[in-house]
Amino acid sequence: MAHVTIEYIIMIPLLVLQIFLFPWATSAMMDIWVNARRELALKDAASNLESAIQQLYSSLSSSEISAGTIVYVPELPSYIEDCPFEATGYVYQFLNSSKILRITLKLLVYGNTADASVILGENVEWRSSKFISNSTDAAIVITKYSNGSLVFMFRS
């Protein structure tokens, strides 16, 4: 009879601990998985935006393209995990006159971020602006001037 009592004294607290520990561990693992899925989707959107800007720059910097304004609507999701995101850009100047556009995407509700970088030439200017994913007017606007300079900006 003494063995049964000792087993209950040892096993009952372990069973009670499992009742609380397993749901908590499962919830924590699901939170990590969902957060990683959000970040992956945001990085994918950043990569798509980076690629679009690089292709636009390569195409429009050609001397064969005349001056004018182009509005490009990238194929990005309006929501990631039911949350809109915003994109902002900032240009860094290098010693060799090249510029790097750093694009930062941020989920508005959860705060996850992703970055992408685009190498641009010296004839590019970036206007401070935001791209809001769920805006019906969200686009990249590029203006090419007759001297060959390009001005990029987001429109929301």
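This report walks through the fold, surface, aromatic rings and loops of one predicted protein model.

## Overall fold

Start with the secondary structure. The protein chain holds one helix and eight strands. Their order along the sequence is α-β-β-β-β-β-β-β-β.

The box tells its own story. Along the principal axes, the C-alpha atoms fill roughly 95 × 35 × 20 Å.

## Contacts and burial

How much of the protein chain is buried? Of its 156 residues, 31% are buried.

Next, consider which parts of the sequence meet. Take the contacts between residues at least 6 apart in sequence. Among these, 62% join residues at least 24 apart.

## Surface and charge

The protein chain has an accessible surface of about 10000 Å². Carbon and sulfur atoms account for 59% of that surface.

Charged side chains come in two sets. There are 10 positive and 14 negative side chains in the protein chain. How far apart do the centres of the two sets lie? The separation is 8 Å.

## Aromatic rings

How many aromatic pairs does the model contain? The count comes to three. One of them joins Tyr90 and Tyr92. Their ring centres are 4.9 Å apart, and their planes meet at 75°. Planes over 60 degrees apart count as edge-to-face, so Tyr90 and Tyr92 form an edge-to-face pair. Tyr92 is partly exposed, with a relative accessible area of 42%.

Phe131 and Phe154 form another aromatic pair. This pair is edge-to-face too, with 65° between the planes. The distance from centre to centre is 5.6 Å. Phe131 sits in strand β6, residues 130–132. Phe154 sits in strand β8, residues 150–155. Are Phe131 and Phe154 buried or exposed? Both are buried. They also belong to one aromatic cluster, together with Trp126.

Most residues other than glycine have a negative phi. Two residues in this model deserve a look against that background.

Glu81 has a phi near 55°, a positive value in a residue other than glycine. Where is Glu81? Glu81 is in the loop between β1 (68–72) and β2 (85–93). Its relative accessible area is 28%, so Glu81 counts as partly exposed.

Asp82 also has a positive phi, about 60°, and is not a glycine. The loop between β1 and β2 holds Asp82 as well. Here the relative accessible area is 76%, so Asp82 is exposed.

Ser135 lies in the loop between β6 and β7 (139–144). Its relative accessibility is 25%, so Ser135 counts as partly exposed.

How far is Ser135 from Glu7, going by C-alpha atoms? The C-alpha atoms of Ser135 and Glu7 are separated by 63 Å. Along the chain, these residues are 128 apart.

Definitions and conventions
Residues are numbered from 1 along each chain as its sequence is written. This is a predicted model: local features need pLDDT of at least 70, side-chain atom pairs count only at pLDDT 80 or more; totals for chains, interfaces and linings use all residues. Side-chain values use heavy atoms; hydrogens and water are left out. Helices (H or I, at least four residues) and strands (E, at least two) are DSSP runs, numbered from the N terminus. Buried means under 20% relative accessible area, exposed over 50%, partly exposed in between (1.4 Å probe, protein chains only). Contact means heavy atoms within 4.5 Å. Accessible areas come from the Shrake-Rupley method with a 1.4 Å probe; for residues, only the protein chains shown count as cover. Lys and Arg count as positive and Asp and Glu as negative; His and the chain ends are not counted. The place of a charge is taken as NZ of Lys, CZ of Arg, CG of Asp or CD of Glu. Rings of Phe, Tyr and Trp (its six-membered ring) pair if their centres lie within 6.5 Å; planes under 30 degrees apart count as stacked, over 60 as edge-to-face and the rest as tilted.
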